[in-house]
Every structure is written in structure tokens, then in C-alpha cells.
Amino acid sequence: MGDSDQGVDRAVAGADFVEWNFSIMAGGSPWRIEQGMTQLVAHQGAEGFGPSLAVAAREDALVIHELGRRATPTAVAALRAFQAMSPVDTQRELAGLHAERLVRQGVPDPYWASSIGRVRVEGCWWAHDPFDETAFVLCVFSYDGADEHGILAMIDLAIGGGLFRELTLGTDVDVLRDVLRHADGVDGLVTEPLDPAYARRLFEDAIATSDEVLEDREYQPKLVPVAYRKMRALTLARARALSAAAAPPESLPDSVEVELMKRAFLASGAVSKLPAGDVTRRAVDLLVAQFTDRAVCHPLHVGPRQVEAAVGLPDLAPDAIGDPDVSGILPDVVRAWVSWTAVERGLSRDATERLHRAAEQACARLRPADTEGHQTT
């Protein structure tokens, strides 16, 4: 049997399985359909195993094509569910085209076809630290007041565009709100309303990063929540419902802005104890490039974890720098830069101390130091 024949067989078997599921749940509410569908497109068994996301997407595409050939109410119901819930844009469009064609041919639409996925946003809130390295995001939805539910996510913003650390779906929204209320003030977290467009960006960026971690074999152990894959399609669907478009990401400073930033730093009181001259400027150039190019973060908006990650990279080891004068002064430049950014951003005393502690820990790994703070030989 050739690969094409096997593909047809898999598509037929997959479509049979999906239709069987919809023969059971097609009479449910739109909310119940969405919950069931997000698990179907996860392609994940009870043991937590499943094909890669790319393979799962290809299998879904074959199933959608096969369902489009079936003039049955369960096929139309499944296509409407794919239209609302597929994580792939082109698959949602294709499923909708197939469903509309079958309906024109006389196959009945499910009663929930016009309302599935069309939820009302009841509100968005978040708790975030002063450096925006960690965020708890809560978005609440309903079907015109019915079937209220919320998605609560803990997002690690210090990794890529953000990585899901926890992901929870709940129908007791008051319990989810209590989580944010109790987080307020803990470790500097501030709880406040969140713009839905910004919430959409946080969710979509976190999904992109979490997908990469989930699929990359080098990430061991996997850092994404156990429930992530089964909630992925629903989370993406709710992100689309939050806003017509996601808020644009914070842009990194261009070369002119970076140069002006470095000049402002070198002219500030933060460098008063550093020697004036080319060595200090080269150390500043090296540090800022480490933030923008290697850590891919705004050098003025760094947090403790970003400082530790960027400064702790092998690029800044003395052997890698290859210039003992620059490597010798670099720890002092790091400390001065952190102090300057804290003042520029108006950070609280507690936040400033956390940033300084991170800088000290990072600098301690740069090189051994004697009691006078100079590089030992």
C-alpha cells in the first residue's frame, strides 16, 4: 500500500472518529462543543502522548477534506466546530467553505452553528511584577451571560515572547478572580485591568513560544503545563475573541536610540566612579549588545532574570572577551547600568534592590575577584 493510500485510510478513519464524537455531542451547547473540540484537535491520549503539532495539523487538514465529501449532519457539525476551533487559519476557512457548500446542498446546519465561538468578553485583568517578567493573566467570557468561564494563565515573560507556566480553565470565575486578588502585592505584583488587545498578544506570544518548547527535543524536561496541549485550541480561540487584532509588541530600540541611550548613561552620575575613556565605552557597547542581540530585550527595561541571563552568557567570560581591560571593568559597568536604569524607570526601593541583587549574582559569575574588586591573576 502506497503512502497516498495510507493517507486516505487515515483521513477516512479520522473523519469516522470525529463524526462518531459529534453523533454524541452535537446536541450540546456551543460551550460544550468547544470544550470537546479543543481536546479532539489536541490529538493527545490519556497518557499525555500524541504526534507533533505539525503532524496533528496535517492530519486535521486531511480530515476536513474528507468531512467535506460527506453529506451528513454530523459532518457539517464537525466542520462548523473546526471552523471555530482549528488553530490553523487556513483550516478554519476551509472548514467553513465545506460546511456552507453542504448546507446549500440541503444538509442541515447544527442549531449552534451561528453562535459557537462567538463569546462576549466580560473582562481582562492581570497581576505583573515591576519588570514585567512574570504575569498572571485572567480573561473571562460568556455567551451573553450564560456559561461564564475564564482562562487564567501564568506567563513567564522572561523567556522568548512569553512561556506558559500554568494554564487553567475554570467555570467558577470568582475563584479565578480571587487568585489575582491574593497575588496583589506579593513579590511586588500589581493587579489591574488589562487591555484585551494586549491580553491577546500575551496569549498568542506565549502559545508561539510554548509550541517551540513543546516541539524542540532539546528542551528537557518540557517546561509547558501538562494541560497546555488540550487547552491550546480553546486558548487561541479565546485570544481571537478578545480583540480584532493583537496589540503590537514593544519594539527594540533602533541603532540611533541605542546610541543616545549609551550617551545618556555615560553622561550620568552612575558612571562617576568609572574611568573615563575608551575602555568604559567598549564595556558599555558590549553589555548593551548583549541585551539587544543575545537576550533580545530592551536594555532600559531589564528585569532581574534578564540581567542574570544576559550577563551570565559565555560571551562575557574573560576568555571570550579577549581584552583584560574590558573584562576587568565590565562588572562595575553592569552595576552602574542597573543603577541608572532603576532611576530612569522610577523603580521602587524594593524593585531596585532586587535588580541590584541580580546584578551582583551575575557579576560574581563573570570572574573571581579579590578584596579590592579587581580581577585576580
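**Entry 1**

I began with Asp 323, which counts as buried at 19% relative accessibility. In these notes buried means under 20% relative accessible area, exposed means over 50%, and partly exposed lies in between, with a 1.4 Å probe and protein chains only. I note that this is a predicted model, in which local features need pLDDT of at least 70 and side-chain atom pairs count only at pLDDT 80 or more, while totals for chains, interfaces and linings use all residues. Residues are numbered from 1 along each chain as its sequence is written, and side-chain values use heavy atoms, with hydrogens and water left out.

I then looked up the partner of Asp 323 and found a salt bridge with Arg 282, whose closest N and O atoms are 2.5 Å apart. This pair connects distant parts of the chain, 41 residues apart: Asp 323 sits in the loop between helix H12 (318–321) and helix H13 (324–345), and Arg 282 belongs to helix H10 (residues 278–294). Arg 282 counts as partly exposed, at 31% relative accessibility. I take a salt bridge to be a side-chain nitrogen of Lys or Arg within 4 Å of a carboxyl oxygen of Asp or Glu. Helices (H or I, at least four residues) and strands (E, at least two) are DSSP runs, numbered from the N terminus.

**Entry 2: further salt bridges**

How many salt bridges does the count come to by this rule? I recorded 24 salt bridges.

One of them joins Glu 204 to Arg 200, with the closest N and O atoms 2.8 Å apart. Both residues lie in helix H7 (residues 196–215); they are four residues apart, so about one helical turn separates them. Glu 204 is partly exposed at 24% relative accessibility, whereas Arg 200 is buried at 13%.

Another salt bridge brings together the side chains of Arg 349 and Glu 353, at 3.4 Å from N to O. I located both in helix H14 (residues 349–366), four residues apart, which is about one turn of the helix. Arg 349 is exposed, with a relative accessible area of 70%, and Glu 353 is partly exposed, at 35%. I also noted one network, in which salt bridges with shared partners join Asp 16, Glu 19, Glu 66, Arg 69 and Arg 70.

**Entry 3: the sheet**

I turned next to the strands. Strands of a sheet pair through backbone hydrogen bonds, either parallel or antiparallel. Here two strands are said to pair if DSSP finds at least two bridges between them.

In what order do the five strands of the open sheet stand? I read the order as E4-E3-E2-E1-E5, with antiparallel pairing. E4 and strand E5 (190–193) are the edge strands, each pairing on one side only. On average, neighbouring strands of this sheet are turned by 15 degrees against each other, direction ignored. Such angles run from 0 to 180 degrees between N-to-C directions, and axes are lines fitted to C-alpha atoms, for helices over the stretch in contact.

I followed the pairings one by one. Strand E1 (residues 120–128) is joined to E2 by eight bridges, and Val 121 has Phe 141 in E2 as its bridge partner. Strand E2 (residues 134–143) pairs with strand E3 (residues 146–156) over nine bridges, and Val 137 faces Ala 153 in E3. In this hairpin two residues lie between the strands, and Asp 144 takes a positive phi near 50 degrees. E3 and strand E4 (residues 163–170) are joined by seven bridges, with Ile 155 opposite Phe 164 in E4. The hairpin of E3 and E4 has six residues between its strands, and in its turn Gly 160 has a positive phi of about 55 degrees.

I found two helices across this sheet. H7 lies across E1, E2, E3 and E4 and runs at about 115 degrees to E4. Helix H8 (residues 228–242) lies across E1, E2, E3 and E4 as well, at about 80 degrees to E4.

**Entry 4: Arg 92**

I found Arg 92 in helix H5 (residues 89–104). Arg 92 is buried, with a relative accessible area of 14%. Its side chain reaches the backbone oxygen of Ser 86 at 2.8 Å. Neighbours within four places in sequence set aside, Arg 92 is in contact (heavy atoms within 4.5 Å) with Phe 82, Gln 83, Ala 84, Ser 86, Pro 87 and Arg 240.

**Entry 5: cysteines**

I looked for disulfides (pairs of cysteine sulfur atoms within 2.5 Å) and recorded zero. The sulfur of Cys 297 lies 15 Å from the closest cysteine sulfur, that of Cys 363, which is too far for a bond. Cys 297 is buried, with a relative accessible area of 6%, and Cys 124 is buried, with 5%.

Methods
A polar contact is a pair of N or O atoms within 3.5 Å; within protein, one must be able to donate a hydrogen and the other to accept it, and residues adjacent in sequence count only if both atoms are side-chain atoms.
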